[in-house]
Amino acid sequence: MESPAPTTRASSPPPAAGWSLPGIGLLKGMAVTAVNMIQSYYRKDRMTTVQYPEERAPISPNFRNFPFLVYDGDNMAGLRCTACSICEKECPPQCIYIVLDRDENGKSLKRPKVFDIDVSVCMNCGICAEVCPFDSIYMDGQYELATGDRFGGLLFNKETLARSTDYHAQLRPLEAAEVAARRKAEEEKKLAAQAAKVAKAKLEKEQKELKAKEEQEKGTGA
Amino acid sequence: MRVPALIALVLGSFPSLGLAATDKPPLLTGESLPRLPQRLVEMALEALKAPDWLVSLASFATAAGTVVAVFLSAFALLSLIERKTLARAQNRLGPNRAGIFGILQPVADGIKMLTKEDIVPTKAEWFLHLVAPVMIVIPSILALGVIPYGREWLPVPLELGLVFFFATGTMTEVAVFIAGWASGSKFPMLGAMRAISQMISYELPLIISALSVVMLSGTLSLADIVAAQSGYHLGFIPAWNILTPWGFVAGIIFLIAANAESNRCPFDLPEGESEIVAGHMTEYSGFKYALFFMGEYLGLFAISGLGITLFLGGWQAPLPGLGFVPSWFWFFGKLAAIIFFFLWVRTTFPRVRVDQLMRFAWLCLIPIALLTLPVAALWHFTANPDGSNGVLSWLLCSAILAVPFIIITVIFNRRLAPSLRTYHYAE
Amino acid sequence: MISNPFMSPAAAPASVPELDEDQLLHVSLGPQHPSTHGVFRMNVVLDGETVVSLKPVFGYLHRNHEKIAEGVTFLSSMPFTDRLDYICPLTNNWAYAQAVEKLAGIEVPERAEYMRVITAELTRLINHTAFVGFFLGDMGAWGTALMYAFREREKILDLFEELTGARMMSNFMRFGGCRNDLPAGWAAKASTLVNEFPRFLDELENLIIGNEVLIARTQNVGALPKEALINGGITGPMLRAAGVAYDIRKAEPYGIYDRFKFRIPLGTTGDCYDRMMIRFLELRESLAILRQALDQLPEGQFINPKSKIRNFKAPVGEAYARIEGPKGELGFYLISDGSTNPFRYRIRPPSFINLTLLEDMCLGLDLADVVIILGSVDIVLGEVDR
Amino acid sequence: MVPLLLLSPLILLAALGAVWKARPVHAALLLALALALVAVLYLSVGAEFIGLVQFMVYVGGVAILIVFALLITRPGDEAAEVARRPRSLALGLVCVAPVLGILLYAVSKGLPVAAFEDANPKLPVQALGTELFENAVPAVLTVGVLLTAVLIGAALFAREPGPKSELPADR
Amino acid sequence: MNPLPLLLTLSSLLFALGLLAVLTRRNAILILVGIELMLNAANINFIAFWRYGSVEFDLTGPLFVMFSIAIAAAEAAVGLAIILMVFRHTRSTDLNRLDSLHG
């Protein structure tokens, strides 16, 4: 931690002139404020204030606020969430509460019975959206959430959280398109796999049948 | 003895507090517009055959009421304009929600102040705590009464106007002390100590710089001081005191000292909010707090008005041939300019420290202010018979007044030698 | 009784008069006070207006951050680090990410390193300009400089919003890179900003540097000798203002700082004026780094594809990583027991450690100086109290 | 006459308070009030200039100085002050009573010279100034020298010994 | 009725009160309060005799008051400065405790 020999002298800015009149620095400062005062009336870059309710600052597509759930199709039935609880576990302020829906036999239906987010606790970090393996939770851009009811009004449930894929596409076209493409590819892969499986099963069945037939024929022949 | 007669007797026994002006200007000219209410009241009472003492009392009350009304509305307006101007200098918009351009903001502020809880701390002395804000407002209003606002508009034509002004000003110190002490708290106490020492220190340059004007005008009456600055040199340069060497220096000193007297940035130590919260006003709330603000702003108007009267020619027009404009217009124009300057300073300057404040007053302002006195005398004795001053007189007076400035420059550069810093870089 | 071990003998009072206890004024500055930068409290004992003793009291903003971090996964702590020094969340992110990377041995792709440098230096711009604004505000300049600083900060925050999705609570860095790539056109916008920034700096310097009142208020106020600062563990601009060339970007280059050409400005006296000037000069150096980084920005991956987001487990071990935050050395110390949560999580917060010498700097000065000195330390209570 | 009748008891009450109040700051503030009322009395008898000067110097200067000094020094023990008041008051009255008696006796005996209702109804300031700077110049100069000496002397006396003055002036 | 006796009575009482303060108070600063009261009593006399006295067109009274006020201000300043210095030495303004010549 030795201070090395100074190598360069400061070139910019000069801290103070060599010989100055008292008050010259003050006058310089007053000139700056005067310029700002005058220019604030006609130069856009001087005034950053946005008059909020009348006009709004543009929101970048990356902007994130509180999470929402995505469903495919037209209604809640297509909710992508499988209640896997990964987001619940990773959520830093632990504001997600999920209960898995089960049928009467106790078998998982792979969908949430309860999905609550307490947005008064949520800190908009976006980790839930990041960790979700089912592309079902994303960050919303909606920020006008003021409510008169500070308990119920800020506790969002499954119904209030759910949004259609169109909404997502509108909010973040790039991301949504990417997700849609990926899901489509996966879907096709899955379909293809299923088709292949069916075909294979059919083939096997046919072969089996053929074999049986052959054996039968052999047997009858024998 | 009936009570009204007693009042009349009491009032009558303050002979040269002369109450209101007694002349009768024409009713409806631009010049005498501000005196219209007073004249109307007088005429109404005379028509009703009211006794003389009642007429003069009512006339006085109306004249005083006019001034108070004008300056209270100016206070309301200034509280908005100040916020707007500061906001613009800081590239903000300022209040613009209450009414168009936020014009109703003062009303909103007033309602808010009035509806707030009036808190009196347990340790406070409630009576003195109550008295202080009232005592802050009274001297400002009294001082506003003696300033000549226009050719026809001088609420109280006092022979000793200037002395009266400074005498009322001293009451503010007591009020500030009472406010700080009676709050029974530490920040107000610190603020009051700062305020008193600052006010006492800056009262001296204020008075001394005003003295040179008194010397050359030969009167303590503010109306006569304005009258002494009438006329134009060379036909277009107004004969204001600020346009003489001694008047220029004294005027600047007056401006600085006035700024400090009204506790405004960069001399706002008594209420320096980043250090001692709000100084002597810390424990006040609601309307009492509003009264402090009112007193402060009225005091600002009063002291700026005095500066205008002493140095800027009062209500005199800046150029000849502008006589058709009512003279009070010029007064308020100058007032607006001075107050704008104060606002501008406020946006730019950081606050000074207590010891620097004191050193500035005692080592810088007071000596220079004292120097303006002999220079003013020299100016008077080197004047031509017609009252104007020759080039030699100008040069001599300017040269003498330049000496302290040169000394200050030298000391400034010596003292601030550590400020000529170079910074090094390590690679 | 004035006893300042660091005061040089020449400056020490020849004879200290006995101070009566009942002559002293005990003032509690804060926790609700206009200039304590949040909820900080100083128990000040005044003789007249001279400080006789000053005891900092903090903890009003304590959020149990370190203990909470031991209860949540490694990734879950990342958004909490935003809230430490909330003026500059991205450097906090970086320091934490670096610590985990060191612990788990994760490589960071080239492009991610550049992105980190760019965001960190932009953060430094924000911090230092805001510092100057707050500093002037403490001095009673009615926030004019602060508003100008915030005007420019707004532009940088817009960039941050576009990049990270949030203006302040960015939560941007990930173990092995960054969360997302630069949006299209972001680098160009950043270049424009970097090119326009010097104009604003000139304006700010015109407003501030030569101001006689400011010079009178700050010069020779709150200076401590180098040795005292080093012994106190002071880092950052405060240390460099006293002339000690210690900058972790040079002393122990992390990331890719060894690729850039920049200099470390050094002061001589270490008073409040130097502290402010050092920040001004560092702003210019940051701009130089930004220019180089934006020029050299390579294509590639923004995150190491091998790094895991879900169910991340660090191997057993411990790691300390530090960066040169805008306020000083910001370090994260982690111990892992192999599970998904850190076993021990500890921060070295520059604000907090720089604050430890506050009393020594303030003794014998005025109450008004205390406010300035506190301002010149540049603290954020979120970081001091954690 | 009427203002005098109104003012005199007020002045005496305020002065009594200044003498009586145990709390020093109250006493000082009441002194300021008494002096301000004396200034009003001057105004009411036509000596405006004197009244205003009285107000400026006494209220703005002396009273404030006293208050300031009270704040800087340690406040005395009020309870002890009140406790020993009967004794000190008795002693004080014993000393004051003869003085007051003599004064009041002199007043009651009437005046050796004729008195006019309106000897000088109004103080001419211009004349006072002329008088001061023409006939009373030596006195004015003496007072000027005295005040200067006082200014310097008071500054020297009140200079704080200790750490502050030992620090470099431009710290 | 000539108000002169009234003013003289007022001044006598004021003087007595000031004297009482000087004699009964122990705080040096409050003794100064008494002295100021006494000075003012004297000033009232000057003004009273000038205003309602026997000499017309006279300025002696106000002149004396002017000087008296100036000197009173000086006296207060010096007095308080001395009290402050004493206070620094002894940590007290109680005159009963200032019984030693030794500083």
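Trainee: Before anything else, how are residues, chains and ligands labelled here, and which parts of a predicted model are used?

Mentor: Residues are numbered from 1 along each chain as its sequence is written, while chains are lettered from A and ligands numbered from 1 in the order in which they are written. Because the model is predicted, local features need pLDDT of at least 70 and side-chain atom pairs count only at pLDDT 80 or more, whereas totals for chains, interfaces and linings use all residues.

Trainee: How many residues do chain D and chain B bring to their contact?

Mentor: Chain D brings 24 residues and chain B brings 24 residues. On the chain D side, helix 1 (2-20), helix 2 (24-44) and helix 3 (48-72) each supply at least two residues, with the largest share, 12 residues, coming from helix 3 of chain D. By class, this side of chain D has 18 nonpolar, 3 polar and 3 charged residues.

Trainee: Which chains do not touch chain A or chain B?

Mentor: Chain A and chain D do not touch, their nearest C-alpha atoms being 16 Å apart, and no contact joins chain B and chain E, whose closest C-alpha atoms lie 13 Å apart.

Trainee: What is the overall build of chain B?

Mentor: The secondary structure of chain B comes to 14 helices and 3 strands. The radius of gyration is taken over C-alpha atoms, and the globule rule is 2.2 Å times the number of residues to the power 0.38. For 427 residues, a compact globule would have a value near 22 Å, and chain B has 23 Å, which agrees. Domain bounds come from an automatic or database domain assignment, which gives chain B a domain 1 (2-100) and a domain 2 (116-416). The centres of these two domains of chain B, taken over C-alpha atoms, are separated by 23 Å, and 25 residues of domain 1 are in contact with 25 residues of domain 2.

Trainee: Is B:Leu220 buried or exposed?

Mentor: A residue is buried if 20 or more other C-beta atoms lie within 10 Å of its own, exposed if 12 or fewer, and partly exposed in between, with C-beta atoms placed from the backbone. B:Leu220 has 22 such atoms within 10 Å, so B:Leu220 is buried, although it lies in the loop between helix 7 (186-217) and helix 8 (222-228) of chain B. Not counting residues up to four places away in sequence, B:Leu220 touches residues including B:Val214, B:Leu162 and D:Val125.

Trainee: In what order do the strands of the open sheet in chain C stand?

Mentor: Strands of a sheet pair through backbone hydrogen bonds, either parallel or antiparallel. As a cut-off, two strands pair if DSSP finds at least two bridges between them. In chain C, 3 strands form an open sheet in the order 1-2-3 with antiparallel pairing. Strand 1 (25-29) and strand 3 (50-57) of chain C stand at the edges, each with a single partner strand, so one side of each has no neighbour in the sheet. Strand 2 (residues 41-47) of chain C pairs with strand 3 of chain C over 7 bridges, and C:Asp47 stands opposite C:Thr50 in strand 3.

Trainee: Which strands of chain C form a hairpin with 2 residues between them?

Mentor: Strand 7 and strand 8 of chain C form that hairpin. Strand 7 (residues 317-325) and strand 8 (residues 328-336) of chain C run antiparallel and are joined by 9 bridges, and the bridge partner of C:Tyr320 is C:Tyr333 in strand 8.

Methods. Contact = placed C-beta atoms within 7 Å. Helix = DSSP H or I, 4+ residues; strand = E, 2+ residues; numbered from the N terminus. Nonpolar A, V, L, I, M, F, W, Y, C, P; charged D, E, K, R; others polar.
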